[in-house]
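Please keep the sequence and the structure in view while reading.

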Amino acid sequence: RVVMKKNQGFTLVELVIVIVILGILAITAAPKFLNLAGDAKGGTLNAVKASLQSANAVVYSKAVLAGKQAAATGTVNETGSNINVVYGYVSATTAAVGAVLDLDGNFVVATAVANAALGMTAADVMIYPTGTTAPTTSTTAAEGCVLVYKAAAAAGSKPTYTATITGC
């Protein structure tokens, strides 16, 4: 003879406990997913950094072929336009950086301002996402969402690229 057991559902207390546990898990996991826009801006800014480094490699190769890698100033023809170079690398001007990057209005290329926290001088170029606040002299590193490009300082030296993405 088979004994049938009466199936019962969950009690109200058990359901409340499960809902409370799910709520606690959601509260602890939510902050990891809330800053997706900032993470995307930071990631894209790092991609712009890599693009600028790649463009600089191409420009430097052309400068070497033209014998201009040791000159403090010069021009290299890249995709039909003349790019100003410093020691063979793209010069730190908004025109030169804008000419080698195709940013489609998603980023602003501007002359940097002196800001020690972000490692910028007025001789550098800053690139920051459109729709974010432009870095100023008082922007802190925690507020920064900017790529700083510094031209090569001497023959044989390379330009520097510093991405600050903590404020994105």
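The secondary structure of the chain consists of 3 helices and 7 strands. Read from the N terminus, the elements follow the order α-α-β-β-β-α-β-β-β-β. The model is a predicted one, and the values discussed below were computed from it.

The overall dimensions may be considered next. Along the principal axes, the C-alpha atoms of the chain fill a box of roughly 100 × 45 × 30 Å. The radius of gyration is 26 Å, whereas a compact globule of 168 residues would have a value near 15 Å. Of the 168 residues, 30% count as buried. Among the contacts with a separation of 6 or more, 43% are accounted for by residues 24 or more positions apart.

How many disulfides does the structure hold? The structure holds 1 disulfide, and this bond joins Cys145 to Cys168 with an S to S distance of 2.0 Å. The link of Cys145 and Cys168 is right-handed, with 90° about the S-S bond. Cys145 is placed in the loop between strand E5 (125–129) and strand E6 (146–150), while Cys168 belongs to the segment after strand E7 (160–164); the pair therefore ties together parts that are 23 residues apart in sequence.

Tyr87 is a residue other than glycine with a positive phi, near 55°. Tyr87 is found in the loop between strand E2 (81–86) and strand E3 (89–90). With a relative accessibility of 17%, Tyr87 falls under the 20% limit and so counts as buried. A positive phi, near 50°, also occurs at Asp104, again in a residue other than glycine. The loop that holds Asp104 runs between helix H3 (94–100) and strand E4 (107–111). Asp104 has a relative accessibility of 60%, which is over 50%, and therefore counts as exposed.

Which residues are in contact with Ser91, leaving aside its neighbours within four places in sequence? With those neighbours set aside, the contacts of Ser91 are Asn84, Val85, Val86, Ala96, Val97 and Tyr149.

Finally, the reader may turn to helix H2 (residues 36–66), where Val58 has its place. Val58 has a relative accessible area of 38%; this value lies between the limits of 20% and 50%, so Val58 is described as partly exposed. Along the chain, Val58 and Thr139 are 81 residues apart, and their C-alpha atoms are separated by 33 Å.

Terms used: Residues are numbered from 1 along each chain as its sequence is written. This is a predicted model: local features need pLDDT of at least 70, side-chain atom pairs count only at pLDDT 80 or more; totals for chains, interfaces and linings use all residues. Side-chain values use heavy atoms; hydrogens and water are left out. A disulfide is a pair of cysteine sulfur atoms within 2.5 Å. Helices (H or I, at least four residues) and strands (E, at least two) are DSSP runs, numbered from the N terminus. The radius of gyration is taken over C-alpha atoms; the globule rule is 2.2 Å times the number of residues to the power 0.38. Buried means under 20% relative accessible area, exposed over 50%, partly exposed in between (1.4 Å probe, protein chains only). Contact means heavy atoms within 4.5 Å.
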